[in-house]
Amino acid sequence: MGRTYEIGVIAGDGTGPEVVAEGLKVLKAVAEKADIQYNLIPYDFGGERYLKTGEILPDSAIQEFRQLDAIYLGAIGHPDVKPGILEKGILLNLRFALDQYVNLRPIKLYPGVETPLKDKGPEHIDFVVVRENTEGLYAGSGGFLRKGTPDEIAVQESINTRKGVERCIRYAFEYCRKRNKGNKLTLCGKTNVLTYAFDLWERAFHQLGQEYPDIERDYAHVDAICIWMVKNPERFDVIVTDNMFGDIITDLGATIQGGMGIAAGGNINPEGTSMFEPIGGSAPKYTGKNLINPLAAIMAGQMMLDHLGEGEAAGLVERAVMEVIQKHLKSMEAGRMGVSTTEVGDLVVKYICGSE
Ligand code: IPM
Ligand code: MN
């Protein structure tokens with residue numbers, strides 16, 4: 001018997017609690033099967049708590065999170081709260097405070113999932129984006145001058161530290177080597193215009209690359225990356241990029257892998273507490289209707305298991321999800337799955353329990 005994992009759960013807003021419930025159902029089933037022990041520690045941070053108490057995310061919670069093995073997150077964003085407050089106050093705050101410097105986003109099309117890309121199938125769409133998660137335009141550096149006047153100036157600076165860039169790129173090389181699929185790492189940048197930031201990225205990329213002679217190095221501008229993600233997604237194995245470009249290309253990635261119903265991600269601090277989430281939002285219009293697709297949350301749980309070193313359990317979840325997709329789901333979209341949110345969770349559990 002292994003150790004007991006301490007897992008913080010932030011179900012959050014909108015459909016977050018519904019999808020997290022299914023993810024936890026699956027976690028329970030696979031933990032029994034693979035003999036994994038864990039405790040869940042629920043936290044009610046999100047829009048409701050903020051509206052009731054004014055509290056967003058106290059420092060004491062962050063201290064507690066540092067002691068955890070992982071955090072499982074549903075969704076953040078409430079229709080009655082001005083956009084930005086919860087996203088910055090909870091999601092970005094957690095990524096920064098816990099120094100989760102990599103945002104890992106697999107873009108994998110499973111058999112039976114519809115992609116909007118013509119003539120592309122699972123053999124073409126299987127790559128991973130390593131997005132820097134603590135710096136760049138997200139660092140919050142900037143300000144206003146003469147705000148509210150016709151002479152107003154707004155500055156938003158992209159912060160790129162040698163250390164921050166290097167640790168992200170190193171993670172990407174290591175990940176690519178461990179994945180051992182295409183053994184190719186593509187740097188996604190904009191060296192023709194962002195001649196300071198991506199000069200640093202490019203130098204760090206090639207310098208570190210010397211330590212990874214087994215990994216092919218590839219570079220493309222972000223705009224070209226968008227073209228190839230649509231026309232030739234099979235070109236990619238692992239992509240590494242900054243925070244803003246990573247945000248944008250992973251929504252394109254989620255779309256070609258079948259949409260927000262299936263796309264999951266991990267906010268990783270390899271030396272600290274990592275956090276796993278479905279990458280879609282809180283989907284207020286589907287809240288409480290038992291219509292939302294919980295597979296993205298279930299796959300976030302799968303990534304969490306993998307990260308904790310429970311590869312066997314992660315494999316069981318992935319195979320069960322693939323079976324459910326192929327045998328039961330009409331679509332990945334909320335309300336069009338042909339089954340309800342809770343039924344999807346039950347089906348995944350059924351295949352986990354029935355597996356050898
Ligand atoms: C994401 C989201 C967040 C981001 C928002 C909600 C702040 O879009 O996880 O990609 O921009 O990182
Ligand atoms: Mn995003």
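# Report on a predicted protein model with a ligand

Asn-290 is found in the loop that runs between strand E12 (274–278) and helix H9 (295–307); helices (H or I, at least four residues) and strands (E, at least two) are DSSP runs numbered from the N terminus. The model is predicted, so local features need pLDDT of at least 70 and side-chain atom pairs count only at pLDDT 80 or more, while totals for chains, interfaces and linings use all residues; side-chain values use heavy atoms, with hydrogens and water left out. Residues are numbered from 1 along each chain as its sequence is written, and chains are lettered from A and ligands numbered from 1 in the order in which they are written.

**Two residues with positive phi**

Most residues other than glycine have a negative phi. Asn-290, although not a glycine, has a positive phi of about 60°. Its relative accessible area is 27%, so Asn-290 is partly exposed; buried means under 20%, exposed over 50%, and partly exposed in between (1.4 Å probe, protein chains only). Asp-35 also has a positive phi, near 55°. This residue lies in the loop between helix H1 (16–34) and strand E2 (37–43), and Asp-35 is partly exposed at 45%.

**Two further loop residues**

Asp-237 is placed in the loop between helix H7 (222–231) and strand E10 (238–241). With a relative accessible area of 3%, Asp-237 is buried. A polar atom of the Asp-237 side chain lies 3.2 Å from the backbone nitrogen of Gly-182.

Glu-157 lies in the loop between strand E7 (153–156) and helix H5 (162–179), and its relative accessible area of 37% makes it partly exposed. Apart from neighbours within four places in sequence, Glu-157 is in contact with Gly-136, Leu-137, Ser-141 and Gly-142. The side chains of Glu-157 and Ser-141 make a polar contact of 2.5 Å; such a contact is a pair of N or O atoms within 3.5 Å, where within protein one must be able to donate a hydrogen and the other to accept it, and residues adjacent in sequence count only if both atoms are side-chain atoms.

| Residue | Distance to an oxygen atom of ligand 1 |
|---|---|
| Arg-95 | 2.7 Å |
| Arg-105 | 2.8 Å |
| Tyr-138 | 2.6 Å |

Taken alone, ligand 1 exposes 320 Å², and the protein buries 75% of that; accessible areas come from the Shrake-Rupley method with a 1.4 Å probe.

**The protein as a whole**

The protein contains 11 helices and 12 strands. Its radius of gyration is 20 Å, close to the 21 Å that the globule rule gives for 356 residues, so the protein is as compact as a globular protein of that length. The radius is taken over C-alpha atoms, and the rule is 2.2 Å times the number of residues to the power 0.38. Of the 356 residues, 52% count as buried.

Notes
Contact = heavy atoms within 4.5 Å.
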